[in-house]
Amino acid sequence: MSMAEFTPDTTIRLGAHSVTRRFGALVANDGITFRARRGTIHAIVGGNGAGKSTLMRILQGMDRPDEGVVLVNGMPSVFFGPADAFKQGIGMVHQEFMLVPGLTLLENLVLAQEPLDGLRRIDRRKALEAARKLEREAGVTLDWDMPVDDAPVHVRQIVEILRLLYRGADVLILDEPTAVLAPAQVQELIVLLRKLRSEGRTILFISHKLDEVMALADEITVIRSGKVIGGMATANTTKAALAEMMIGEILSRPNARPSTVGRTVLEIRGLAATDARRVLRLKELDLDVRAGEIVGIAGVAGNGQDELIAAVTGLGRVERGAVRLDGQDVTKLSLRARRELGLSYLSPDRAAEGLCLSAPISENLIAGRHRSPALCKGGVLQKGAIKRHVETLLDRFSVKRASAALPISSLSGGNQQRVAMARELDGSPKLLLACQPTRGVDIRGIAFIHQCLLDYREAGGAVLVISEELDELIALSDRIVVLYDGRVTGEVPRGSAKVEELGRMMLGETRQEIAA
Amino acid sequence: MSAVASSARATPAIGWRDVALAVAPLVLALVVAAIVLAVAGHNPLEVYWLLLKESFGGVKRIAATVSASTPLILTGLATAVAFRSGVFNVGVEGCVLVGGLAAAFVGFTYVGLPATLLLPLALGAAALAGTLWMLVPAVLKARLDVDEVVTTLMLNFIAVSLTAWLVNGPLLAPGSANSATPMVVEAARLPRLMPPSTLNAGFLIAIALLGLYWLWGRGTALGLETRLAGLNPRFAIASGINVPMLIIKMMLLSGAIGGLAGGIQALGTVNRFVVGFSPGYGFTGIAVALLGRGSAIGILLAALLFGALATSGATIQLFSDVPIEIVNILQGTVMIFAVARFGWLLKNRQGGK
Amino acid sequence: MIDNIIHAAFVMTTPILLAALGGLVNRVAGLVNIGLDSMMLAGALVGLMIASQTGSWPAALVAAALVGGLLGLLMSLTVTRLQANEIIVGLGFNIAVAGLVRFFLKSWYGTSGTLSLPDVAMLPRIHIPVVADIPVLGAIFSDHDPLTWAAWLLVPATAWFLARTRLGLRLRAAGAAPQATRALGLNPLNLRDASTVFAGMMSGLAGAYLCIGVVGIFNEGITAGRGFLALAAFYFGRNRPWPTAIGALLFGLFDAIQIRLQGRGLPAELVQTLPYVMVIVILTLVAITIKRARNKGA
């Protein structure tokens, strides 16, 4: 690639040209090209794992592409760190906010670019003046002496945005900015971003919420599996068209034979639960999962799914309501006790919770079941029995491996997930809570895991699937329950689920409203 | 800590690279000490040769080395047990002190008992004292998430002062002015294996425990749980392992072994408890556990190394003018290099987040 | 008697306070410094040597601060660049430096443990005429050396530095959220290194104080674990300068009392444990408060 291909063009404020970034075997970004024009709001849209976050990190200088270049004002730029991007006026608001705890809002605002007085002290008066000016520009008012730790989420977000403006950024990159916001706050954010655009700033935002994208963006780039699927002006597209591009063809169409539905295995009544920051995320939930059926939970991330997982597993706090497992009240029991009663849990975060990456495959496969009488006698692990058991399971789940004694990190993501799946289906559990079961898994692995879930259902197992992949839920679920803002907005039986309809329910509309 | 835990897994084959990585801290420390020696006008190679001769040249010297390594095997083991569960216990030193005093107390108090009863009783008292000493930090860590580094470190100083007070007052040997308990009776002493060497049956106990540790790590449910909890506590919890309880158990076990180290030192070598009883066995134990990468054989080798340094360091002063402190310099730098990572210097860029 | 104890308490407080303020800034910037004691020891030895050689106490203080700062830099680089665990590195420094100091004494001066040099320039005492004769007040304010005054002036200075200056703000940020700090284009590792150098310099001064402010000779046990008392002080004060200073003063008072208790049948050793017991109690109380708050809800 020669420099001759590029000409300075100040209307192209920020862009990427053939950006490729690999992590081992995974190609997170595969030749991505797009251009965000000055003074516009440009949306990068894609599903989970599409490669949006990697692209954003590259645009902001936190990461560098293996191939291709970042374009600034039409010309290639190399960033060795966020500071380089800042120098070009590019700043980013991260999904997990990058504010410093223990500091006040004002201190956070001026950090790294503090106004000083003659004695090299921080000039509080100047700092506050600057803060007030930004407030007026953005049309908000804040208590600047509040410690960050006490500030609500949307205030933190505003501070992050103002901080970028304070530091002179005129390109704002926002990573899933509305994921943490309540609907009213989303409206405020939209107003703020439009105001910034009208002042000539360029905004690049990542999202998978199509309504917001349609409402806010001037131009849209859709990416899927690390590749650009399409770029268009918002005026020239529809939500349905975007959804189709995002999701693509449904690759796996597993064969779901009818199965007999049995007794209720999981029964949730009047459940309310808070997250770690003690915000009420799950407000009122009733849910039944019966033997022989797969129930899917659909919803935009952050609408109570994490708290539902925490309530079913016992890893989080329940405010009100009851969780019954096979007729027994387990609301106050630990995960350990629930596992003994027949719960299996496939974690959404394979690397941090679902597996122990530095431990051998075999240990990952037996962890939690290592004290079962067949594998352990008097506290002593039965090597031979374990080896046979491990090899049988690995063969049954077609895990490609050199040796079960190798660390599981030596396996591909798909094979790692097979191991996790094998462990959770081992020992005939009554209920399987499968969270994001195919995240980061290759196509063949997806098909295999889907078939596993369906086989288990046919054998009389009860499955609760929580997934951000709508096609996966449609393919697997006997019923899809849609969560919005901590409540159920509706339930769709197998065969009648459509992506568009589910998408609208995920944004809070009930089925009746959609039909009307 | 993670170095200990992560290398504790059963790897199918050990390559040259692993060996090189394992001895790298030692080599680097030897280089640093060589520079110190050279600056002071000594020939480092001559000194190292002398150290080697004085620690392994002949049966007597070997016996002395093994004897000196006995408490280090145990303190290294005590540290490794805690590290493996992900707990940063730096309080083994305190356990050594309270354990040593408890064993000595039993050994000079219940003088009427026969050896078959008194010796186990005294060793049991040592282990119990060490266990109880770890109870507070264990519960604080597991239940309230109080930083165990600080609590165990503070407890070391408390142990130093507390035992000093006891041996200066209530437990002072009658007619003695030198801050020591009375001698333990013959029946409470661990049999010497090769008199006149101080090498005693305590070494056999240490080796037996090391063997148990090896078996425990490889073949028991508890060992597996401990390793998993140390490597990834979230995973362990999600797998249904009671991690807080496990932390308490392992810290108490670590305390028990630390206490036993003190007890064996009191009953096998010193035959009483005196102020300054431990020249930092607990801290050396941390170096032993780190250098040995938490494996049984590694701990044994590292303990022998530091035992050799301690014995030969003491005697080279007699034959040359090299100060014994070269041993401390080696020990401290081994610790530092054992936790330093040099890998990133070779890698130009890290992938992923 | 009371005046005596008060004066002695302030004398014993100074080294703890100096090192504690250094360790405090270090911890605020994200590094728990277990190696303060080693830097103190090195500062003590170098301070004495230079005080004897040059006959100038300011030169001795500068040298002690420099050697402490150098050790701090070495320690910090091991932690920040070689990603070594700070606790182990700190313990390793304590062991290695103690060995090095004794090795040096034997090799250079041919003495073991204790070093006494001629013509040591001791820190001067500042006598405040009228005040000196007032009971209690005199003991508090008069006949202290410049380093004691400096240590106490540094308490508000540190509070002000951390709260109001640019570097202070950045150090706090580097400690609380290194990732976020890096995202803003600052280098948290450099900031951390700087704070460790500061901690080393303060500990070096603390060591020099013991040598040329109190005793006049060097002994291998001269620090008597005061680096760890400093650690206890800023844990006790939970990283806030004034509470840390009060902790240091309390520990200094225990020290002064403990010396007077010796030979009176009262358990001086038990008084020595008090600082450490207090830290454990404080940490426990803080943890209980946090847990209560979490259970009660926002």
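How many residue pairs are in polar contact across the interface of chain C and chain B? The rule finds four, both residues of each pair being at pLDDT 80 or more. Here a polar contact is a pair of N or O atoms within 3.5 Å; within protein, one must be able to donate a hydrogen and the other to accept it, and residues adjacent in sequence count only if both atoms are side-chain atoms.

Some ground rules before going on. This is a predicted model, where local features need pLDDT of at least 70 and side-chain atom pairs count only at pLDDT 80 or more, while totals for chains, interfaces and linings use all residues. Residues are numbered from 1 along each chain as its sequence is written, chains are lettered from A and ligands numbered from 1 in the order in which they are written, and side-chain values use heavy atoms, with hydrogens and water left out.

**Chain C against chain B**

Back to that interface. The side of chain C that touches chain B draws two or more residues from each of helix 4 (86-109), helix 11 (226-236) and helix 13 of chain C; helices (H or I, at least four residues) and strands (E, at least two) are DSSP runs, numbered from the N terminus. Helix 4 of chain C gives the largest share, 15 residues. Sorted by class, this side of chain C has 26 nonpolar, nine polar and five charged residues. For the classes, Ala, Val, Leu, Ile, Met, Phe, Trp, Tyr, Cys and Pro count as nonpolar, Asp, Glu, Lys and Arg as charged, and the others, Gly among them, as polar.

Contact (heavy atoms within 4.5 Å) takes in 40 residues from chain C and 47 residues from chain B. The two chains bury about 3800 Å² between them, with 81% of it on carbon and sulfur atoms. Buried area is the accessible area (1.4 Å probe) that two parts lose on being put together, summed over both.

**Chain C against chain A**

With chain A, 23 residues of chain C are in contact with 26 residues of chain A. About 2100 Å² is buried here, and carbon and sulfur atoms give 60% of that. On the chain C side, Arg166(C), Leu169(C) and Leu184(C) lose the most area to chain A, together 31% of what that side buries.

Five residue pairs are in polar contact between chain C and chain A, both residues at pLDDT 80 or more. Helix 7 (146-164), helix 8 (166-176), helix 9 (178-183) and helix 13 (268-296) of chain C each give two or more residues to the side that touches chain A. Helix 8 of chain C has the largest share of that side, six residues. The class count for this side is eleven nonpolar, five polar and seven charged residues.

**Salt bridges**

Side chains of opposite charge can pair when their charged atoms come close. A salt bridge here is a side-chain nitrogen of Lys or Arg within 4 Å of a carboxyl oxygen of Asp or Glu.

| Glu114(A) | Arg170(C) | 2.8 Å |

Two loops deserve a look. The peptide bond from Pro195(B) to Pro196(B) is cis, with omega near 5 degrees, and Pro196(B) lies in the loop between helix 7 (148-168) and helix 8 (201-219) of chain B. Gln83(C) is not a glycine, yet it has a positive phi of about 50 degrees. You'll find Gln83(C) in the loop between helix 3 (57-80) and helix 4 of chain C.
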